[in-house]
Structures are given as structure tokens and as C-alpha cells.
Amino acid sequence: MNLEIIFFFVFGFVAAVSSILMITRNNAVIAALYLILNFASLAGLYLTLNAQFIAVTQVIVYAGAIMVLFLFVIMLLRPENEKKFLEANPKIKIFAFVIAGFVFLQLIYIIFFSRPSAIIPKNLNESVEAGTIESIGYILFKDYVLPFEAAGFLLLAATIGALILAKKKVD
Amino acid sequence: MTITIEYYLILSAFMFIVGVAGVLTRRNAIIVFMCIELMLNSANLTLVAFSSYLGSSVGQLFVFFVMTVAAAEAAVGLAIIIAIFRNKLTVNIDDINILKW
């Protein structure tokens, strides 16, 4: 048992369980907190994949900024509690779970049928090299400058759009 | 025993399916929104896994862009939810059906 296996199973278990707990909680704040736990364990998984920069960004952007936005909106509104999870429309919900399980089985079949690990064995040096902020920054500002500028423009448009949508109508 | 890429792919497929089930079953618009974030994150996990196993930075670069789009989407979507709540005093998506035929 080396450290990678232990970390994968610990973080993967936390991620899977917290995602299930998130969709079954009635209270929106508790669901948001479980989602933050899920994002944090995903950051741990990114670290076991040697993606340091993405792990840090995951904690700062997702678990920090986006979830704070969600919690603020939950506290601004007062979402009435839904009924207990399977009480309203149990038939439709069971149908939804059957569909989801069917798609999951399909995905598992595709993953095991194509066997990607036979084609791409792990090369540790390349993997560590790919995750550093240096190589990501190099490729970002060399080959992907235009998408980078487009992302900045998208953020500007989203800021203005959010302001206009959420402001009080004065006229 | 080594951790091959299938482990990460299956975990990510499971998280995606949980997100799909959440979108289909929950009626609170904010929780539906959080389930969409969960699905985006499972796709991110797939991208990072492939990027790490292939030894290429491009996958992680795309995760970076997905995070940007997710932040923009969260801001605009939550603004829309606030605007709807101001008009109809509810965030239950069964009551918000004016665009439904």
C-alpha cells in the first residue's frame, strides 16, 4: 500500500459520499456545505494526480469564491423547505434514479471495454512536469492566448450581466 | 496494485450520475444549480486524470477555462434566481413554468 492508493481511496470515498449526501439534504445550506466538502476532496484527488496548480485553484475559486456566492444567495432568499426527499412524486424520482443507474452502467461498460490504461500507462516524470504552474503558464500564454482573452471578456460580460439582472428596477 | 486511470474515470462517472439524479429529482432551483456545479467538477476530474496520465498540460488548461465559465455561469444564474424570486417569491422550479408550453 503506497501513499497514492491510500489517498485515492480516502479522497474518493469522501467525494462520493458527500455528493450523495448533498443531493439528499433538505436544507440548502447543509447541501452547500457538503458540496464544499466534495470540492475539497476533489482538490486532494487533483494533488494525487500531480496537478498542483489546479488543486490550489479548485480550493480558491470553487470552494472559496463560487460557494460563498451560493451561500450568500441562499441566505438572501428564504427557500421554503422542500418535502422529504422521496415524498413528493416518488414515481418520477424512482424513474429518474433508474435512468441515472442505467447511464452509469453504460459508462462503466464503456470505460472497461475501451481499457484506456492499456494505452496510456502512467509516466510519473511527465505527469509531474505537466502539473506545474510553469508548464501551464507557458502553454497558456503561448498557444492559448486568444481563449485566455475570451475568458477574460466572458468574465466581464458575466459581471455586467449579473449586475443588470439583479438590480432593482428603478424606472 | 496501482491506481490506473479507470479508477478516476469511474469515480468521475459516479459523481456525474449523482449530479444528474440531483437535477432530475430536486425542486429547489439553488440545489439544482449546485448539482450542475457537481457535474462540471466531475468532468474536470476526467480532464485532469487524462492530462496527468498523458503527461500533457492542455487538459489542465481546459480545466482552468471550465472554472472560468463556471464562475461566470454561477454569477449570472444566481442573479437570474434572485430576479425570479423578487417577482414570484419562490425558487421552486415547479412554480416557475411561464416558459413551459
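Select chain A: from the N terminus on, its elements run α-α-α-α-α-α-α-α. That makes eight helices and zero strands, where helices (H or I, at least four residues) and strands (E, at least two) are DSSP runs numbered from the N terminus. This is a predicted model, in which local features need pLDDT of at least 70, side-chain atom pairs count only at pLDDT 80 or more, and totals for chains, interfaces and linings use all residues. Residues are numbered from 1 along each chain as its sequence is written, chains are lettered from A and ligands numbered from 1 in the order in which they are written, and side-chain values use heavy atoms, with hydrogens and water left out.

**Chain A as a whole**

Keep chain A selected and show its C-alpha trace, which spans about 55 × 45 × 25 Å along its principal axes. The radius of gyration of chain A is 21 Å, whereas a compact globule of 171 residues would have one near 16 Å. Here the radius is taken over C-alpha atoms, and the globule rule is 2.2 Å times the number of residues to the power 0.38.

Now colour chain A by accessibility. Of its 171 residues, 35% count as buried; buried means under 20% relative accessible area, exposed over 50%, and partly exposed in between (1.4 Å probe, protein chains only). The accessible surface of chain A comes to about 10600 Å², with 74% belonging to carbon and sulfur atoms. Such areas come from the Shrake-Rupley method with a 1.4 Å probe, and for residues only the protein chains shown count as cover.

Select A:A43, in helix α2 (residues 28-48) of chain A. A:A43 counts as buried because its relative accessibility is 5%. Leaving aside residues up to four places away in sequence, A:A43 touches A:A55, A:Q58 and A:V59, a contact being heavy atoms within 4.5 Å.

Move on to A:N50, in the loop between α2 and α3 (52-76) of chain A. A:N50 has a positive phi of about 65°, although it is not a glycine. Most residues other than glycine have a negative phi. With 16% relative accessibility, A:N50 counts as buried.

**The contact between the chains**

Show both chains together. The contact takes 80 residues from chain A and 70 residues from chain B. Between them the two chains bury about 6900 Å², 78% of it on carbon and sulfur atoms. On the chain B side, select B:R26, B:M34 and B:M67, which lose the most area to chain A and together account for 9% of what that side buries. Buried area is the accessible area (1.4 Å probe) that two parts lose on being put together, summed over both.

**Chain B**

The C-alpha atoms of chain B fill a box of roughly 55 × 25 × 20 Å along the principal axes. Buried residues make up 56% of the 101 residues in chain B.

End at B:L89, in the segment after α3 (58-88) of chain B. B:L89 is another residue other than glycine with a positive phi, near 55°. At 53% relative accessibility, B:L89 counts as exposed.
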